[in-house]
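Please look through the sequence and the model shown below before reading on. The paragraphs that follow lead through the sheet, the charged pairs and a few individual residues.

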Amino acid sequence: LRPVPYPGRAPHIHVRVWHRREHLLTTQLYVEGEPLNRQDFLLKRIVDPRQRANVIVPFTPDPRAAGRQLARFDIVLGRIPQQY
(Lines give C-alpha, C1' and ligand atoms only; values in the text may rest on other atoms or scores of the structure.)
Protein backbone atom coordinates (compact mmCIF):
# COMPACT_ATOMS: atom_id res chain seq x y z
CA LEU A 1 0.00 0.00 0.00
CA ARG A 2 1.15 3.50 -0.71
CA PRO A 3 -0.85 5.98 1.31
CA VAL A 4 -2.45 9.08 -0.20
CA PRO A 5 -3.07 12.43 1.45
CA TYR A 6 -6.40 13.55 2.79
CA PRO A 7 -7.43 17.03 3.97
CA GLY A 8 -4.96 18.38 6.48
CA ARG A 9 -2.70 15.31 6.58
CA ALA A 10 0.33 14.00 4.75
CA PRO A 11 0.10 10.47 3.33
CA HIS A 12 0.60 8.00 6.18
CA ILE A 13 -0.27 4.48 7.31
CA HIS A 14 -1.64 3.78 10.80
CA VAL A 15 0.02 0.93 12.67
CA ARG A 16 -1.27 -0.73 15.85
CA VAL A 17 0.63 -3.46 17.67
CA TRP A 18 -1.06 -5.84 20.07
CA HIS A 19 0.23 -8.74 22.14
CA ARG A 20 -2.65 -11.02 22.91
CA ARG A 21 -5.24 -8.57 24.25
CA GLU A 22 -2.84 -5.87 25.34
CA HIS A 23 -2.44 -2.83 23.13
CA LEU A 24 1.30 -2.03 23.00
CA LEU A 25 1.74 0.70 20.40
CA THR A 26 -0.09 2.95 17.98
CA THR A 27 1.98 4.93 15.49
CA GLN A 28 1.98 6.14 11.91
CA LEU A 29 4.49 5.80 9.13
CA TYR A 30 5.07 8.54 6.61
CA VAL A 31 6.47 8.54 3.07
CA GLU A 32 10.05 9.78 2.80
CA GLY A 33 10.37 12.79 0.52
CA GLU A 34 6.66 13.63 0.64
CA PRO A 35 6.30 17.46 0.49
CA LEU A 36 3.19 17.39 2.70
CA ASN A 37 5.26 15.97 5.59
CA ARG A 38 6.34 19.55 6.40
CA GLN A 39 2.71 20.53 7.02
CA ASP A 40 1.39 17.47 8.86
CA PHE A 41 0.36 18.63 12.34
CA LEU A 42 1.17 15.33 14.06
CA LEU A 43 4.49 14.76 12.32
CA LYS A 44 5.54 18.34 13.19
CA ARG A 45 5.15 17.46 16.89
CA ILE A 46 8.08 15.02 16.62
CA VAL A 47 10.97 17.45 17.04
CA ASP A 48 13.78 14.97 17.76
CA PRO A 49 15.41 14.17 14.37
CA ARG A 50 16.08 10.53 15.31
CA GLN A 51 12.49 9.98 16.37
CA ARG A 52 11.22 11.59 13.14
CA ALA A 53 13.51 9.34 11.11
CA ASN A 54 11.94 6.30 12.80
CA VAL A 55 8.51 7.05 11.32
CA ILE A 56 9.51 8.30 7.85
CA VAL A 57 10.00 5.42 5.44
CA PRO A 58 11.41 5.32 1.88
CA PHE A 59 9.09 3.78 -0.69
CA THR A 60 10.99 2.25 -3.63
CA PRO A 61 9.87 0.65 -6.89
CA ASP A 62 9.28 -3.10 -6.73
CA PRO A 63 11.55 -4.68 -9.35
CA ARG A 64 9.15 -7.61 -9.66
CA ALA A 65 6.01 -5.65 -10.55
CA ALA A 66 5.64 -2.44 -12.52
CA GLY A 67 3.80 0.27 -10.64
CA ARG A 68 4.17 -1.37 -7.22
CA GLN A 69 6.27 0.06 -4.44
CA LEU A 70 7.97 -1.47 -1.41
CA ALA A 71 8.61 -0.05 2.04
CA ARG A 72 10.10 -1.50 5.20
CA PHE A 73 9.06 -0.34 8.64
CA ASP A 74 10.77 -2.16 11.49
CA ILE A 75 8.95 -2.08 14.82
CA VAL A 76 11.15 -2.63 17.86
CA LEU A 77 9.58 -2.94 21.29
CA GLY A 78 11.18 -3.37 24.67
CA ARG A 79 11.18 -6.65 26.53
CA ILE A 80 7.73 -8.13 27.11
CA PRO A 81 7.02 -8.79 30.84
CA GLN A 82 7.43 -12.37 32.04
CA GLN A 83 3.72 -13.04 32.55
CA TYR A 84 3.41 -13.43 28.78
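With which side chain does the side chain of Arg9 make a polar contact of 2.9 Å? The partner is the side chain of Tyr30, where a polar contact is a pair of N or O atoms within 3.5 Å, one of which, within protein, must be able to donate a hydrogen and the other to accept it, residues adjacent in sequence counting only if both atoms are side-chain atoms. This is a predicted model, in which local features need pLDDT of at least 70 and side-chain atom pairs count only at pLDDT 80 or more, while totals for chains, interfaces and linings use all residues. Residues are numbered from 1 along each chain as its sequence is written, and side-chain values use heavy atoms, with hydrogens and water left out.

Helices (H or I, at least four residues) and strands (E, at least two) are DSSP runs, numbered from the N terminus, and two strands pair if DSSP finds at least two bridges between them. Three strands form an open sheet in the order β1-β2-β3, and the pairing is mixed. Because β1 and β3 (56-57) are at the edges and have a single partner strand each, one side of each is left without a neighbour in the sheet. Strands of a sheet pair through backbone hydrogen bonds, either parallel or antiparallel. In this model β1 runs antiparallel to β2 (residues 22-31), and eight bridges join the two. Within this pairing, His12 is placed opposite Tyr30 in β2, and His14 faces Gln28 of β2.

The two strands β1 and β2 form a hairpin with two residues between them. Arg20 lies in the loop between β1 and β2 and has a positive phi of about 55° although it is not a glycine. Most residues other than glycine have a negative phi, and most peptide bonds are trans. Arg20 counts as exposed because its relative accessibility is 62%, given that buried means under 20% relative accessible area, exposed over 50% and partly exposed in between (1.4 Å probe, protein chains only).

Returning to Arg9, this residue is placed in the segment before β1 (12-19). With a relative accessible area of 10%, Arg9 is buried. Contact means heavy atoms within 4.5 Å, and, leaving aside residues up to four places away in sequence, Arg9 touches Gln28, Tyr30, Leu36, Asp40, Phe41 and Leu42.

Side chains of opposite charge can pair when their charged atoms come close. A salt bridge is here a side-chain nitrogen of Lys or Arg within 4 Å of a carboxyl oxygen of Asp or Glu, and a search of the whole structure finds five of them. One of these joins Arg9 to Asp40, whose closest N and O atoms are 2.6 Å apart. Since Arg9 lies in the segment before β1 and Asp40 in the loop between β2 and α1 (49-55), the pair ties together parts that are 31 residues apart in sequence. Asp40 counts as buried, at 0% relative accessibility.

Asp62 takes part in two further salt bridges, one with Arg64 (3.1 Å, N to O) and one with Arg68 (2.7 Å, N to O). Through shared partners, these salt bridges join Asp62, Arg64 and Arg68 into one network. How do the three residues stand in accessibility? Asp62 is buried, with a relative accessible area of 5%, whereas Arg64 is exposed at 66% and Arg68 is partly exposed at 48%.

Phe41 is found in the loop between β2 and α1 and is partly exposed, with a relative accessible area of 43%. Not counting residues up to four places away in sequence, Phe41 touches Gly8 and Arg9. The C-alpha atoms of Phe41 and Ile56 are separated by 15 Å, the two residues being 15 residues apart along the chain. Elsewhere, the charged end of Arg2 sits over the ring of Phe59, at 5.4 Å from its centre; a charge sits over a ring if NZ of Lys or CZ of Arg is within 6 Å of the ring centre and within 35 degrees of the ring normal.
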